[in-house]
Amino acid sequence: MFSKLFKSQSALRRFYSTATQNLTEKQEPKTYYKITLLRSAIALPKRYKDTLVTLGIHRRMQTVFHPHKPDIAGKILRVKELVQVENVPASAVRTKTEQRWERRPDPGFEVVGTWKNKRWLLDEEGI
Amino acid sequence: MFGPFRPTAINYGGLLWKTPWKLSPTRKANQRKRLKRVDAVIETVRQSGVECTALDEALRLPKEHEMPARDKYTVFSAKAVGYRKGIHKVPKWTRMTLRTNPRGF
């Protein structure tokens, strides 16, 4: 009986988690374009390059975020052969610096203290 | 007929670049991939709910699965015999929109 209850509870939990997931997805409307330049505009007419500059893209594989607006849509469609576009919610928008920090690998260690402040030593001694 | 001074096209004309008259199956597959990628971009912009002239024009273009092979791999050419030439003869053809034909062709 207990196992049966547990099973039903876990099922219930799963149901709730999916329900909340759906809720959060519904709560966050996708209002931004995530634009990545896959192909360069080298040797194309100058207006293609200029369009990329106005979108804030200056190198291949660079990702920028722009809100859903007609002028941005027009720019994307001008360079539609060069870019990859995704619709994302506002919470997924990242600046260049944030994107770089997210790309960083795990350093594999954690600084617990430095020789100068000796916090780690005090912790070990229980002071 | 043989030897270093034989009369070949390279010896007579110097540099010789050979462009095949039609695309290989691999190049055609790559072309289809590119067309699908552009379709995906247009579809994403359509899903964003924005309305603009550029989007209307882009939606008027045929999609990859709607296009006949003739339009995917060849383009209209006023000078070519039969008014068609391989799409790979167009400069920068992998980064241009060459989906539609002039009216009547």
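Author: K92(B) is partly exposed, with a relative accessible area of 36%. Keep in mind that the model is predicted.

Reader: How do I read that 36%?

Author: Check it against the cut-offs. Buried is under 20%, exposed is over 50%, and partly exposed lies in between. K92(B) therefore falls in the middle class.

Reader: Where does K92(B) lie, and what is its phi?

Author: K92(B) sits in the segment after β2 (84–86) of chain B. Its phi is positive, about 60°, although K92(B) is not a glycine.

Reader: What sort of phi does G56(A) have, and which helix does G56(A) follow?

Author: G56(A) comes after α2(A), and its phi is positive, near 85°.

Reader: Let me step back to chain A. What order do its elements follow?

Author: From the N terminus, read α-β-α-β-α-β-α-α. That chain has five helices and three strands.

Reader: How much of chain A is buried?

Author: Of its 127 residues, 26% count as buried.

Reader: And how far apart in sequence are the residues that touch in chain A?

Author: Take contacts between residues at least 6 apart in sequence. Of these, 73% join residues at least 24 apart.

Reader: On to cores. How many residues does the largest nonpolar core have, and which have the most contacts inside it?

Author: The largest nonpolar core has 26 residues. Those with the most contacts inside it are Y33(A), I35(A), L52(A), I76(A), L82(A) and V83(A). Then ask which elements contribute. Those giving two or more residues are β1 (30–37), α2 (46–55), α3 (70–78) and β3 (83–89) of chain A, plus α2 (25–47) and α3 (53–60) of chain B.

Reader: Take V41(B). Is V41(B) buried or exposed?

Author: V41(B) counts as buried because its relative accessibility is 2%. This residue is found in helix α2 of chain B. Set aside neighbours within four places in sequence. V41(B) then touches I76(A), K80(A), V83(A), Q84(A) and V85(A).

Reader: Last topic, empty space. How is it found?

Author: A probe the size of a water molecule is rolled over the atoms, and this shows where space is left empty. Start here with the largest pocket, of about 240 Å³. It is lined by 14 residues, and the closest to its centre are Q62(A), T63(A), K96(A), Q99(A) and R103(A).

Reader: Which element gives the most to that lining?

Author: α4(A), with four residues. By class, the lining of the largest pocket has three nonpolar, five polar and six charged residues.

Reader: How much space lies in the second largest pocket?

Author: About 200 Å³. Its lining includes Y48(A), K80(A), E57(B) and T97(B). The elements that give two or more residues to the lining are α3 of chain A and α3 of chain B. The lining of the second largest pocket has five nonpolar, two polar and four charged residues.

Reader: How many cavities of 30 Å³ or more does the structure hold?

Author: One. The largest cavity holds about 150 Å³ of space. It has 17 lining residues, and the closest to its centre are Q31(B), L35(B), W93(B), T94(B) and M96(B). α2(B) gives the most to this lining, with five residues. By class, the lining of the largest cavity divides into seven nonpolar, three polar and seven charged.

Notes. Residues are numbered from 1 along each chain as its sequence is written. Chains are lettered from A and ligands numbered from 1 in the order in which they are written. This is a predicted model: local features need pLDDT of at least 70, side-chain atom pairs count only at pLDDT 80 or more; totals for chains, interfaces and linings use all residues. Side-chain values use heavy atoms; hydrogens and water are left out. A nonpolar core is a set of buried Ala, Val, Leu, Ile, Met, Phe, Trp, Tyr and Cys residues joined through side-chain atoms within 4.5 Å. Buried means under 20% relative accessible area, exposed over 50%, partly exposed in between (1.4 Å probe, protein chains only). Contact means heavy atoms within 4.5 Å. On a 1 Å grid over the protein atoms alone, a cavity is a set of points where a 1.4 Å probe fits but cannot get out, and a pocket is an open set with protein on both sides within 12 Å along at least five of seven lines; lining residues have an atom within 4 Å of a point. Grid points are joined across faces, edges and corners, and a volume is the space filled by probe spheres set on the points. Ala, Val, Leu, Ile, Met, Phe, Trp, Tyr, Cys and Pro count as nonpolar, Asp, Glu, Lys and Arg as charged, and the others, Gly among them, as polar.
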